[in-house]
Amino acid sequence: MMAASVDDCIFCRIIRGEMSSNIVYQDADIMAFRDVNPAAPTHILIVPRQHIPNMYALDEETVPLVSRMMLAAKSIAAAEKAETNGFRLVFNNGSDGGQSVNHLHMHFLAGRRMAWPPG
Ligand code: 5GP
Ligand code: ZN
């Protein structure tokens, strides 16, 4: 059963400090922490503090948070020294998209050459 509400959502629990994580960035709206099962040498999850389940739940009021996520990615790229070699940003959305945690998140992947198309 996938986490659905703020009470049982894994990322909300991390944001509330109820679950440990390796936090690499935080501001008033956004948190970023290392993925527990990294798919690349650098694998960071960038999430809004607000529980938004997926892209379908975004609206005019919450979409500015995605801009904040992008700016967080930019400062993470600098901190992780990924600016020269590059990085990949991924939103998995819904079951065909491969989304397994129902709290909107953007993957920041770096440290190796990425394949295309993705699997
Ligand atoms: P999705 O598959 O939904 O796009 O990405 C969810 C990501 O969350 C996966 O890459 C998975 O490894 C990561 N993840 C799942 N549970 C935890 C956790 O408890 N802590 C951290 N840091 N990452 C997690
Ligand atoms: Zn959540």
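Phenylalanine 87 is partly exposed because its relative accessibility is 38%, where partly exposed denotes values between buried, under 20% relative accessible area, and exposed, over 50% (1.4 Å probe, protein chains only). The model is predicted, so that local features need pLDDT of at least 70 and side-chain atom pairs count only at pLDDT 80 or more, whereas totals for chains, interfaces and linings use all residues. Residues are numbered from 1 along each chain as its sequence is written, ligands are numbered from 1 in the order in which they are written, and side-chain values use heavy atoms, with hydrogens and water left out.

The zinc ion (ligand 2) is coordinated at 2.0 to 2.3 Å by Cys9 (SG), Cys12 (SG), His51 (ND1) and His103 (ND1), donors being N, O and S atoms within 2.8 Å of the metal (3.2 Å for Na, K and Ca). The arrangement is tetrahedral because the 4 donor atoms subtend angles of 104 to 116 degrees, the criterion for four donors being that all angles lie between 85 and 135 degrees. Both cysteine 9 and histidine 51 are buried.

Strand 1 (residues 23–26) and strand 2 run antiparallel and are joined by 3 bridges, strands being DSSP runs (E) of at least two residues that pair if DSSP finds at least two bridges between them. Within this pairing, isoleucine 23 has phenylalanine 33 of strand 2 as its bridge partner. Strand 2 also pairs with strand 3 in the antiparallel sense, over 5 bridges, and here isoleucine 30 has proline 48 of strand 3 as its bridge partner. Of the 5 residues of strand 2 (residues 30–34), 4 are buried.

Note on methods:
Tetrahedral: all angles 85-135°; square planar, octahedral: opposite > 155°, others 65-115°.
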